Structures are given as structure tokens and as C-alpha cells.
Amino acid sequence: MARLLIVGGFLALVFWVFSIVDCAVQPATRHRGASKAAWIAIVVLIPVLGGILWFALGRRRRRDQESIHQTAPDDDPEFLRSLGKTEQDERIRRLEEELARLDDETDPPAAEPRS
């Protein structure tokens, strides 16, 4: 029984130190729910439970960060496929009309030819 307590205590100590180091070396962008300092305090002050909370709730995985990345609608193939051909043609026509109107507004008036 004493051996089991010693081995369990040693494993808890190793897990606690590993949790502190992992929490400390992660960039601040990988901490979820609280600041980096708050997570380090949680892991240090609540040894085993703090480490479990860190790995279960506080640590943002790489795949979580990739899902945050957003693309502009015109760069998103799914969005472009969702547009119908007539919607695209209508949008292009409106943009061309707007460009022509802006071009007409900025052109200086043509000088009358001299005879």
C-alpha cells in the first residue's frame, strides 16, 4: 500500500510539473478561457486538478486555431459555387456600370476642336 502511494505521488508530481511547463511554454494565443498567467496560477495552485483542467479546457489545439481562420467570400470556393451564374452576371454588370459612371465623373470635359 505504501508503494502504491509513493508511485501515485510521484506520478502526480510528474504530471503537475509537466502541466506547469506545458502551460508556460505555450504562446498566449493557445490559451483558451483565461489569460496565460491565470492558467499558470490554476495549474500551480491546484496541482493535479489544475493540470487536468488545463489539458481538457484551457489548451487550444492546432486544429481549433485552423477553424478560426476566415476567408473572404470571393476567395471561398464554396461561396462562389453557391452563387448562381445569373447572380454572378448581374453582379458583374452592376460593377461595370458603377465603374463606367465613376470613369465618366473623373474624365475632364473634352476641349472643342479649333478651326
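Predicted model: local features only at pLDDT ≥ 70, side-chain atom pairs only at ≥ 80, totals over all residues.
Let me start with the overall fold. The protein chain has 6 helices and 0 strands. Read along the sequence, the pattern is α-α-α-α-α-α. The chain has 115 residues, and buried residues make up 11% of them. The accessible surface comes to about 9500 Å². Carbon and sulfur atoms account for 63% of that surface. Now the contacts. Take those between residues at least 6 apart in sequence. Of these, 59% join residues at least 24 apart.

Next, the aromatic rings. The structure holds 3 aromatic pairs. One of them is Phe-15 with Phe-55. How do we describe such a pair? We give the distance of the ring centres and the angle of the planes. For Phe-15 and Phe-55, the centres are 5.9 Å apart and the planes are at 40 degrees. That pair is tilted. Tilted covers the range between the stacked limit of 30 degrees and the edge-to-face limit of 60. What does the pair connect? Phe-15 sits in helix H1, residues 2–25, and Phe-55 in helix H3, residues 47–58, so the pair ties together parts that are 40 residues apart in sequence. Phe-15 is partly exposed, at 27% relative accessible area. There is also a cluster here. Phe-15, Phe-18 and Phe-55 form one aromatic cluster.

On to the charges. The structure holds 4 salt bridges.

Arg-59 forms a salt bridge with Asp-22. The closest N and O atoms are 3.2 Å apart. Where do the partners lie? Asp-22 is in helix H1, and Arg-59 is in the loop between H3 and helix H4 (62–68), so this bridge ties together parts that are 37 residues apart in sequence. Is Asp-22 buried or exposed? Asp-22 counts as buried, because its relative accessibility is 9% and the cut-off is under 20%.

Asp-22 has another polar partner. The side chain of Gln-26 makes a polar contact with the side chain of Asp-22, at 3.2 Å. Gln-26 lies in the loop between H1 and helix H2 (36–45). Gln-26 counts as buried too, at 8% relative accessibility. The Gln-26 side chain also makes a polar contact with the side chain of Arg-30, at 3.4 Å.

His-31 lies in the loop between H1 and H2. His-31 is buried, with a relative accessible area of 7%. What does the His-31 side chain reach at 3.1 Å? The backbone oxygen of Cys-23. Again leaving out residues up to four places away, His-31 touches Cys-23, Gln-26, Lys-36, Trp-39, Trp-54 and Gly-58. Look at Lys-36 and Trp-54.

Now helix H6, residues 85–106. Glu-90 forms a salt bridge with Arg-93, with the closest N and O atoms 2.3 Å apart. Glu-90 and Arg-93 both lie in H6, 3 residues apart, which is about one turn of the helix. Glu-97 also forms a salt bridge with Arg-93. Here the closest N and O atoms are 2.4 Å apart. Glu-97 and Arg-93 are 4 residues apart in H6, again about one turn. Which residues do the salt bridges that share partners join into one network? They are Glu-90, Arg-93, Arg-94 and Glu-97.

How accessible are these residues? Glu-90 is partly exposed, at 33% relative accessible area. Arg-93 is partly exposed, at 36%. Glu-97 is partly exposed as well, at 44%.

To sum up. The chain has 6 helices and 0 strands. Phe-15 and Phe-55 tie H1 to H3. Thank you.

Note on methods. Residues numbered from 1 in each chain as written. Heavy atoms only, no water. Phe/Tyr/Trp six-rings, centres within 6.5 Å; stacked < 30°, edge-to-face > 60°. Helix = DSSP H or I, 4+ residues; strand = E, 2+ residues; numbered from the N terminus. Buried < 20%, exposed > 50% of the residue type's maximum accessible area, 1.4 Å probe, protein only. Salt bridge = Lys/Arg side-chain N within 4 Å of Asp/Glu carboxyl O. Contact = heavy atoms within 4.5 Å. Areas by Shrake-Rupley, 256 points an atom, 1.4 Å probe, with all protein chains shown as cover. Polar contact = N/O pair within 3.5 Å; in protein donor to acceptor, adjacent residues only side chain to side chain.
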